[in-house]
Amino acid sequence: MADNSTQSAQVMDITWDDATWILTSAFIIFTMQSGFGLLEAGNVSPKNEVNIMMKNVVDVVFGGLTYWMFGFGLSFGVDKGTNPFCGVGYFFVDIEDENMGVIYSTFVFQLSFATTATTIVSGAMAERTKLTAYTLFSFFNTVVYCFPAHWAWASSGFLSQLGSVDFAGSGVVHLVGGVSGLVATIMLKPRQGRFDDKAQPEMANPANAVVGMFMLWWGWLAFNCGSTFGISRGKWKLAAKTAVTTLLSSMSGGIAGTALSFIVHKGKYDIGYLVNSILGALVSITASCPLIHPWEAVLIGAIGGVLVIGVDHLLVKLKVDDPVSAVAVHGAGGLWGLISVGLFTTQDPVENITYGRNGLFHGGGWYLLGVQTLTILCEVTWAALITFILLFIIQKTMGLRVSPEDERLGADLVEHGIMQKTDGSQLAFTSQNTPV
Amino acid sequence: MADNSTQSAQVMDITWDDATWILTSAFIIFTMQSGFGLLEAGNVSPKNEVNIMMKNVVDVVFGGLTYWMFGFGLSFGVDKGTNPFCGVGYFFVDIEDENMGVIYSTFVFQLSFATTATTIVSGAMAERTKLTAYTLFSFFNTVVYCFPAHWAWASSGFLSQLGSVDFAGSGVVHLVGGVSGLVATIMLKPRQGRFDDKAQPEMANPANAVVGMFMLWWGWLAFNCGSTFGISRGKWKLAAKTAVTTLLSSMSGGIAGTALSFIVHKGKYDIGYLVNSILGALVSITASCPLIHPWEAVLIGAIGGVLVIGVDHLLVKLKVDDPVSAVAVHGAGGLWGLISVGLFTTQDPVENITYGRNGLFHGGGWYLLGVQTLTILCEVTWAALITFILLFIIQKTMGLRVSPEDERLGADLVEHGIMQKTDGSQLAFTSQNTPV
Amino acid sequence: MADNSTQSAQVMDITWDDATWILTSAFIIFTMQSGFGLLEAGNVSPKNEVNIMMKNVVDVVFGGLTYWMFGFGLSFGVDKGTNPFCGVGYFFVDIEDENMGVIYSTFVFQLSFATTATTIVSGAMAERTKLTAYTLFSFFNTVVYCFPAHWAWASSGFLSQLGSVDFAGSGVVHLVGGVSGLVATIMLKPRQGRFDDKAQPEMANPANAVVGMFMLWWGWLAFNCGSTFGISRGKWKLAAKTAVTTLLSSMSGGIAGTALSFIVHKGKYDIGYLVNSILGALVSITASCPLIHPWEAVLIGAIGGVLVIGVDHLLVKLKVDDPVSAVAVHGAGGLWGLISVGLFTTQDPVENITYGRNGLFHGGGWYLLGVQTLTILCEVTWAALITFILLFIIQKTMGLRVSPEDERLGADLVEHGIMQKTDGSQLAFTSQNTPV
C-alpha cells in the first residue's frame with residue numbers, strides 16, 4: 001500500500017501489493033486449464049477422453065512458449081517500431097533491470113490469458129483432428145490472439161485509441177477464440193454420423209463436465225477481478241465490484257438456462273443448458289464487469305445465457321458441429337459482452353476505463369456502441385482470416401483430419417495407445433514404461 | 001499496509017491490503033462448491049451422480065441470487081429498522097459511493113459463506129428429492145441462513161450482544177445446515193430399501209469422494225483464515241494462528257478416525273470414517289480457531305472426529321437416512337464446535353473476539369458456555385422450524401419426493417435424460433444439443 | 001508495504017503484506033495433495049485406486065502431526081543446542097507472544113512443504129504396501145525430511161553455511177523424496193508380474209492422471225514463488241521472475257517430452273512421457289528459479305524432461321518398479337535441479353540468495369558446483385539410510401508387503417472393503433454406514 005516514500009517498489013505505478021494481486025490472480029487463472037480439460041473430456045465420447053486432455057496440455061506448452069517468444073512482444077512491446085497494429089520489443093522476454101518486477105508480473109498475467117484463449121479452440125476441434133496438426137496449430141495460434149490484444153489493450157493499439165472497452169476480454173479472449181473455433185470446425189467438417197437421423201452425442205463423463213464448469217467458474221473470479229491489474233489506490237474497489245457483477249451474472253445466466261431447459265425439455269434439467277448458460281453469462285460479463293450496476297449484471301447474464309443456448313441450437317440446425325459448445329459459449333457470449341458495454345456502462349470514478357464515456361442507456365449516445373461494433377468486426381475478421389490461413393496451410397501439407405478408420409477407433413487408442421477394456425470399465429493400458 | 005496518510009483507502013477500517021485478503025479468501029472458498037459436488041457425487045449411487053452435481057449448481061445460482069436480493073440485507077443491513085433479530089437495508093445490493101469497496105468486499109465474502117451453507121442440505125436430500133422442489137427450496141433456503149448470521153455476526157444481533165462467539169461459523173453455517181438437513185431427510189423418509197436387511201449403500205466413485213474431501217480441506221483454510229476479515233494491523237497474526245489450528249484439528253481428527261476404523265472394522269480403513277472424521281474435525285474447529293492453543297486444536301479435532309462417526313452410526317440405528325453423512329458432519333461437528341468455544345477459548349490480544357471472556361477451562365467460568373448453549377438452542381430451533389415450514393409448503397403443493405418408479409430409475413435418467421450404457425461404463429447419452 | 005512507522009507488524013522482517021503472500025501460497029500448495037492423489041490414483045490399477053488416495057490422506061494427517069510435534073523444531077528451531085546438523089526448539093509449536101504471526105506463518109508454509117515431501121514416497125510404494133505399515137512409515141517419515149531442511153535452509157545448517165543453494169527444494173523436497181521412494185520400492189520388490197514378458201501396466205484412469213498433473217502444475221507456481229517467503233521490498237520482483245522461469249521450464253519440458261515420445265513411440269503421444277516431462281521440468285527448475293535467465297529455464301526444463309524419461313526407462317530395464325514414476329520425476333529431476341544451480345545461476349540483486357556466488361557458466365568457477373554436489377551426496381546418503389532403517393524395522397516387526405493373495409485381490413477390497421461390481425463399472429460397495 002505504499003506511500004510515496006517507498007519509491008523503489010513503484011515502477012510504472014505498480015507496488016508490491018499490486019504484484020500480490022496480479023500474481024495470485026494469474027496462479028488462479030491457470031487453474032482454469034484444469035477446468036477446460038475436465039469440461040471437454042466430460043463432453044466428448046469416451047474414446048477421445050484422454051486425447052482432449054492431452055490437447056489441453058499441448059496448447060499450454062506450445063502456445064505458452066510462442067507467447068514468450070513473440071506473443072507478448074507483439075501485444076505489449078513498446079520499442080521503436082511499435083504502432084497501432086502491433087507492438088515491437090520484449091521478444092524472448094528477459095528483463096534484468098529495475099523493471100523486472102513489473103514486466104515479469106505483467107507477462108505472467110498475460111500468459112495466463114493467452115493460454116486460456118488458445119485452449120478455447122481445442123473444444124471445437126475435438127474428436128477428429130490429428131494431434132500433430134493440432135500441435136502445430138497451437139504453436140502459431142498465438143498469432144491469432146496477440147494482435148487483437150494489442151489493438152484493444154495496449155495504449156498504442158488502434159481500438160484502444162478509438163475508445164474501445166473490453167475490460168477482461170469478452171472480445172480479445174472469447175470472441176476471438178470462438179470465431180477461431182467456428183472456422184476450425186467448419187474446415188474440419190462434422191464428426192462421423194454426428195447429424196445422422198438418430199444420432200445422440202455421447203458424453204464420456206457428465207459429472208466431470210460439471211466439475212470442469214465449477215473450476216472455470218471460480219477461476220473466472222480471478223480472471224475478471226485480476227484485470228484491475230492491481231489492488232492499490234482505488235483499484236480494490238473496482239475489483240470488489242467486479243467480483244459482485246461476475247457472480248451475479250453467472251447466477252442469473254444459470255437461472256435463465258434452467259428456466260429455458262424447463263420449457264424446452266418439458267420439465268427436464270438439461271445439463272448442457274445449465275453449464276452453457278452459466279459459462280455464457282460469465283463470458284458476457286467479462287467486458288463490462290466493473291462498469292455496470294449489479295442489476296445490469298443480472299440482465300446481461302440472463303440474456304447471455306439464453307443467447308448462448310439459442311446459438312448452440314442454431315449451429316446444430318446449420319449442421320455445424322461444435323462438440324463442447326465452445327463456439328456458442330465463447331463466440332456468441334463474447335459478442336454480446338462487447339455489445340453490452342456500448343449499452344450499459346458508465347464511467348468509473350477510479351481508473352477511467354471508458355475514457356469518460358457512457359453507454360447508450362446511460363446517456364452516452366451511440367459512439368461507444370459504434371466503437372464496440374467496430375471492435376467486433378475487426379476481431380471477427382482477423383480471427384477468421386488468420387485461423388483459415390493457418391489451418392489451410394496445415395491441411396494442404398500434413399493434413400488436418402484423422403482417417404475415418406482412426407476416427408472410429410478413437411484418438412485415445414490411435415494417438416496414445418490407450419485401450420479401453422472390452423467390458424467398458426475405465427481400465428486402460430498404455431505404452432507408458434514399456435522398455436524401448 | 002496503509003499508514004494514516006492513505007485515508008481514502010480506509011473506510012470502515014478496511015485497507016486495500018485487507019481487500020486482497022478478503023477477496024482472495026472468497027475466491028478460494030467458492031472452490032469448496034467443487035469439493036461438495038465431488039464428495040456428494042462420489043457417495044451417492046451411480047444413477048444419481050450427475051443429479052447431485054446439478055443440485056450443487058442449482059443451490060448456488062438460486063440461493064446466490066436471493067442472498068443478493070434479501071439475504072445480505074437481512075443479515076448485515078444497518079438502515080433504520082435494524083434490530084437484534086434482523087438487519088434492514090442493502091437489499092438488491094447496489095453501492096456507488098465511497099463505501100463501494102467495503103460493502104462489495106463484504107458481500108462477496110459473505111456470499112461465499114451463504115452458498116456453502118445452502119449446499120450442505122443437498123447431501124441430506126440426495127437420491128429422492130424432486131429437482132424442482134429442491135430448486136424452490138434453494139431459492140428460500142437463504143432465509144434459514146441469514147437470520148442466524150445476523151444474530152451471531154452483526155454487531156446489533158442479539159447473540160452477538162450477549163457475547164456469543166462463532167468465529168467462522170461452526171454454528172451459523174454448519175449447525176444450521178446440518179439441522180436443516182436432518183429435518184429434510186426425516187420429512188423425505190429414507191431411500192428405498194436403505195434399511196433392508198442386507199442393504200449396502202453403493203458409491204458411484206469413492207476416489208472422487210476423497211478428491212472432494214481434499215478440495216474442502218484446502219478451501220477450509222481460506223474459510224477460517226479469511227474470517228479475520230482482513231490482514232492489516234494484528235489480523236495477520238490471528239490468520240496465521242487460525243491456519244495452524246485448522247490444520248492440526250483436521251490431522252488429529254483424521255488420526256482419531258483411522259484409529260476408530262481400525263478398532264471397529266478390525267484393521268480395515270473405512271473411507272467413510274476417514275473422510276467424515278477429517279471433515280468433522282474441520283467443522284468443530286471453525287468456531288474457535290484463533291482463540292485456542294495448538295494442542296487444544298488437536299484435542300477438539302480428535303473429539304469432533306469421533307463424535308461425528310458416532311452420530312453417523314446413531315442415525316443409522318435410528319433409521320434416519322443421511323446419504324452423505326451431512327447431518328453427522330455438519331450438525332454434530334457444528335454443535336461440538338460451539339460448545340468447545342465455551343470450554344477452551346482465551347481472549348485474543350488483537351481483535352477482542354471473545355469480548356474479554358475466557359472459556360471454562362481457562363478460568364472464565366460458566367458464562368461463555370451458557371451463551372454458547374443458548375446459541376445452539378436458538379439456531380437449532382430456528383433451522384428446524386423454518387426448514388420444516390418451507391418443506392411442508394412445498395410438500396403440500398408440488399410434492400417433495402420423486403415417485404418410487406423414478407427413484408428406482410435414478411434421477412440422472414429421469415431429471416436429466418442421461419442414460420448409462422448397459423455394460424456399466426461411464427458412457428452417457430444426453431439430450432444436449434438435440435435440435436428442438 | 002510497511003514504512004518504518006508500522007513497526008508492530010515487522011517482527012523478524014515480515015510484514016502483513018508478506019504474511020498475505022506466505023499464507024496464500026501455503027493454501028495453494030496444499031492443493032497439490034489433490035494433484036498427487038489424482039495423478040497416482042489415475043496411474044495405478046483400478047483395484048488400488050481408492051487405496052492410493054487413502055495413502056495420500058494418511059501421510060498428510062500422520063506426517064503433518066509429527067511435523068508439528070518435532071519436524072518443524074528439528075528443522076528451524078533456534079533454541080540452545082541448535083547446531084549445523086539440526087535445530088532445537090519449537091517442539092509442539094505453540095507461540096503466544098509478539099512472534100506469533102511470524103512463527104505460525106513460517107510453520108504453515110513449511111508444513112505445506114513437509115506434506116508434499118512425504119507424499120512423494122506414496123507413489124513408489126503403490127499397489128503392494130500394507131496400509132498399516134505405510135501409516136507407521138508416514139508417522140516417522142518426517143525424520144527423513146526435516147534434517148536436510150535444516151542443513152540447507154536454516155541459517156545454522158552446515159550446507160547453508162557452505163553456500164549451498166536450493167531455492168524451493170529440488171533437493172530437500174524432491175531428491176530426498178525420490179531417493180526415499182527408490183529405497184522403498186527396492187525393499188518392497190516389484191509388483192506381481194510387473195516384469196513378465198507381456199505385462200503392460202494398467203491405468204485406472206488416464207484422464208484423472210492428467211488432471212492431477214494439471215493441479216500440481218498450478219500449485220507449483222505457489223510452491224516456487226511462495227519460496228521468496230515474502231513480497232515486500234524487492235521480493236516481489238523475485239517472485240515474478242520465479243513465476244516466469246517456472247512456467248517456461250514446464251513448457252519446454254513438455255515440448256521435449258512430446259518430441260521424444262514422437263521419436264520413440266513413432267508418432268504417438270505417450271501420456272506418461274508428457275506428464276513426466278512436465279513434472280520433471282518443474283522439479284528441475286525448483287532449485288534455481290529466481291536466479292537464472294528465462295532462456296536458461298527453457299534449457300534446464302528441456303534437459304530435465306528428457307532426463308526423467310530416460311531414468312524412467314532405465315529403471316524398467318533394471319527391473320526396479322516405480323509405479324507412478326515418482327523416483328524418476330522427483331529423484332532424477334531433483335538431482336539435475338541441484339546441479340543446474342552450480343552451472344547457470346547468477347547472484348540476485350535483492351536477497352543475495354547465492355551468497356554472492358555465480359555458477360560455472362557465469363564465471364563463478366567450480367565452487368558452487370562443488371557445494372551442490374556435496375549437497376546431493378549428503379541428501380542421497382541420508383534419505384537412503386534413514387528410509388532403509390525405518391522400513392527395515394517395520395519389515396521385521398509388522399511386515400511391509402501385503403500377501404500375494406491380497407495383492408491379487410487389490411487393496412481397495414482388502415484394506416477398505418470396497419468391491420467393484422463385476423461388470424466393470426465404477427460402482428462400489430463400502431462398509432460405510434453399516435451399523436456396528
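1. Let's start with T142(A), which touches G63(A), T66(A), Y67(A), F70(A), G71(A) and T118(A), setting aside residues up to four places away in sequence. Contact here means heavy atoms within 4.5 Å. T142(A) sits in helix α5 (residues 131-153) of chain A. Helices (H or I, at least four residues) and strands (E, at least two) are DSSP runs, numbered from the N terminus. With 2% relative accessibility, T142(A) counts as buried; the term buried stands for under 20% relative accessible area, exposed for over 50%, and partly exposed for what lies in between (1.4 Å probe, protein chains only).

2. A word on what you are looking at: this is a predicted model, in which local features need pLDDT of at least 70 and side-chain atom pairs count only at pLDDT 80 or more, while totals for chains, interfaces and linings use all residues. Residues are numbered from 1 along each chain as its sequence is written, chains are lettered from A and ligands numbered from 1 in the order in which they are written, and side-chain values use heavy atoms, with hydrogens and water left out.

3. Now to how the copies are arranged. Two copies of a chain are related by a rotation about an axis and a shift along it. Chain B is superposed on chain C by a rotation of 120° with 0.0 Å of shift along its axis, at an RMSD of 0.0 Å. The two copies are thus related as by a three-fold rotation axis.

4. How many residues does each chain bring to the contact between chain B and chain C? Chain B gives 73 residues and chain C gives 69 residues. About 6300 Å² is buried between chain B and chain C, with 71% of that area from carbon and sulfur atoms. Buried area is the accessible area (1.4 Å probe) that two parts lose on being put together, summed over both.

5. E98(C) forms a salt bridge with K237(B), and their closest N and O atoms are 3.4 Å apart. Eight residue pairs are in polar contact between chain B and chain C (both at pLDDT 80 or more). A polar contact is a pair of N or O atoms within 3.5 Å; within protein, one must be able to donate a hydrogen and the other to accept it, and residues adjacent in sequence count only if both atoms are side-chain atoms.

6. Which elements of chain B supply at least two residues each to the side that touches chain C? They are α1 (16-43), β1 (202-203), α7 (206-225), α8 (235-264), α9 (271-285) and α10 (294-317) of chain B. The largest share of this side, 17 residues, comes from α8(B). Its residues divide into 42 nonpolar, 17 polar and 14 charged. Ala, Val, Leu, Ile, Met, Phe, Trp, Tyr, Cys and Pro count as nonpolar, Asp, Glu, Lys and Arg as charged, and the others, Gly among them, as polar.

7. Turn next to chain A. In this contact, 69 residues of chain B meet 73 residues of chain A. Across the interface of chain B and chain A the rule finds two salt bridges. E96(B) forms a salt bridge with K241(A), with the closest N and O atoms 3.6 Å apart. On the side of chain B that touches chain A, two or more residues come from each of α1, α2 (49-76), α3 (100-124), α4 (131-153), α14 (411-416) and β3 (428-429) of chain B. The largest share of that side, 13 residues, is from α2(B).

8. Two loops of chain B deserve a look. G399(B) lies in the loop between α12 (367-397) and α13 (404-409) of chain B. G399(B) is buried, at a relative accessible area of 14%. Neighbours within four places in sequence aside, G399(B) is in contact with K130(B), A133(B) and I394(B). K266(B) belongs to the loop between α8 and α9 of chain B, and is exposed, with a relative accessible area of 74%. K266(B) has a positive phi of about 50° although it is not a glycine.

How values were computed:
Least-squares fit on C-alpha atoms with pLDDT ≥ 70 in both. Salt bridge = Lys/Arg side-chain N within 4 Å of Asp/Glu carboxyl O.
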